[in-house]
Amino acid sequence: MDYLYYPGCSLEGTAKEYDLSTRVLCHALGLGLTEITDWTCCGATAAEAMDELLAYALPARNLALAQKMDTGRDILVPCSACYLNLKNAAQALGTDAGLRGRVNRLLSRENLSMSGFVRVRHLLDVLCHDVDVNDIVKAADNRMADLVIAPYYGCQCLRPFTEFDDPEQPRSMDTVIRATGAGVLDWDMGGACCGASSAGIKPEVGTTLVGRIMVQAAPAHAIVTVCPMCQMNLERFQTREIPVLFLPQFLGLAMGLPAKTLGCDLNLSDIRSIVSRVAP
Amino acid sequence: MIPSPKPEKPAPDPVLSARVAQIKDLVASCIQCGTCSASCPNLCFMDMTPRKMWRFLLCDRVEEVFSSDTFSMCSSCYVCTLRCPRGLPLTRAMAGLKQIGFHLHMARFRRAGLFYGAFMDNIAQYGRVREMEMMTRYFLALKDPLVPLGYAAMGVRLLAKNKLRPRLPSRGRGKLAHLFEPLDPQEQ
Ligand code: SF4
Ligand code: SF4
């Protein structure tokens with residue numbers, strides 16, 4: 001399978017390891033990624049708090065660029081906030097001709113326009129539905145046996161678009177985590193908010209919400225995440241020092257891919273106990 | 001300290017009243033069941049429950065809505081949107097209220113407004129977020145020397161991992177300025 005790839009701003013900076021590990025893991029699993037040429041910011045959580053038209057125009061520019069490249073391939077997005085913004089714009093502009101007209105007028109300065117249907121998919125959706133789990137099982141050879149992993153989904157890959165999982169009781173990560181030989185922590189906090197989108201402005205929110213998550217994560221050996229904002233927020237506000245790593249880093253390690261290529265030296269939390277599972 | 005007069009009265013403004021009316025439409029069929037309040041992870045930070053705030057809004061008690069910090073504490077988790085038995089787009093309505101707070105430069109949203117402003121300036125200029133530069137601009141605009149201290153530990157950890165490069169690949173200066181033009185009052 002081939003995809004158009006939208007990394008998003010965080011993956012160029014604070015979440016470089018998410019970008020590295022996504023590319024390396026996809027390559028190992030036979031998923032082809034072509035980066036969207038000249039992509040720009042999707043507006044993150046700031047645009048929607050400022051202006052509605054802008055909150056559509058910023059992601060729409062990227063959808064238009066993707067359509068110019070190829071209308072057949074799905075857009076693969078690892079960041080949950082980018083995923084939500086791109087998907088929201090694809091849906092709204094696909095159904096509301098008036099809005100599409102207003103946005104396209106703004107985009108026309110660059111000779112871009114958005115039309116019809118674009119499929120936007122989260123990395124987690126692709127890993128759980130487009131990959132043969134036996135490929136992971138074979139490569140992993142039970143490398144992660146005896147570990148218990150807490151799957152942390154966060155909000156925006158589950159809600160409001162309930163595309164690929166149950167937003168109240170998410171389970172999509174279970175199969176791929178078990179494929180590595182590891183067990184999955186049975187907990188209620190997988191889809192609980194970590195407060196990342198207000199933590200930039202109000203750090204006390206992050207301390208409280210992350211605290212609640214960490215209490216329940218205590219029995220696990222590590223937490224895996226699928227969003228750069230969740231990852232940074234959990235690493236920033238946790239006081240227990242549980243290893244926190246991105247799902248593609250964990251799966252890549254399980255499949256024996258070199259830790260360095262998965263950016264495992266870049267995490268802020270100490271993930272050596274997981275990395276050491278791979279023979280150096 | 002900035003004195004924050006209470007209640008904070010939004011200036012009468014036809015565009016604003018139209019925006020408030022749009023948001024009222026979004027939540028018009030609220031049955032006051034309280035599911036939104038019970039589900040909100042940020043309830044403990046709010047001075048009015050979301051259920052009550054929707055009621056005040058629908059009763060045109062706009063001053064109470066804008067003197068409360070409820071909508072500014074929303075972290076866009078979409079749980080209320082998911083669970084509301086009336087299927088109301090509550091997170092979107094919260095965002096609409098934030099937009100009004102931002103446009104009115106209300107004292108209570110000064111921090112959030114400055115943060116978003118620094119973020120958006122950064123995007124308009126480069127197309128992508130340059131985190132280091134964005135945070136520097138935010139702190140300068142804030143003029144509060146104590147706030148950066150809260151970020152210092154994190155900043156040092158990120159710098160140590162070489163994650164806050166002052167320069168990232170630029171998409172050209174002012175590249176996205178045209179998308180921001182509708183926000184500029186002079187263009188309207
Ligand atoms: S959950 Fe929906 S119907 Fe119930 S109080 Fe909240 S907004 Fe109203
Ligand atoms: S979307 Fe906002 S208001 Fe709704 S439950 Fe989440 S934080 Fe609370």
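Colleague: Where in chain A is P160(A) found?

Modeller: P160(A) is in the loop between β5 (148-152) and α8 (172-178) of chain A. Helices (H or I, at least four residues) and strands (E, at least two) are DSSP runs, numbered from the N terminus. This is a predicted model: local features need pLDDT of at least 70, side-chain atom pairs count only at pLDDT 80 or more, and totals for chains, interfaces and linings use all residues. Residues are numbered from 1 along each chain as its sequence is written, chains are lettered from A and ligands numbered from 1 in the order in which they are written, and side-chain values use heavy atoms, with hydrogens and water left out.

Colleague: What makes the peptide bond between R159(A) and P160(A) cis?

Modeller: Omega is about 0° there.

Colleague: Why is N142(A) called exposed?

Modeller: Exposed means over 50% relative accessible area, buried under 20%, partly exposed in between (1.4 Å probe, protein chains only). N142(A) has 52%, so N142(A) is exposed. N142(A) sits in the loop between α7 (133-140) and β5 of chain A. Its phi is near 60°, a positive value in a residue other than glycine.

Colleague: And what makes D60(B) exposed?

Modeller: The relative accessible area of D60(B) is 51%, so D60(B) counts as exposed. D60(B) lies in the loop between α3 and α4 (62-67) of chain B. D60(B) is not a glycine, yet has a positive phi of about 65°.

Colleague: How many residues surround ligand 1?

Modeller: There are 14, and the closest include C30(B) and C84(B). A residue is near a molecule if one of its heavy atoms lies within 4 Å of it. α2 (35-39) and α3 (50-58) of chain B each supply at least two residues of this shell.
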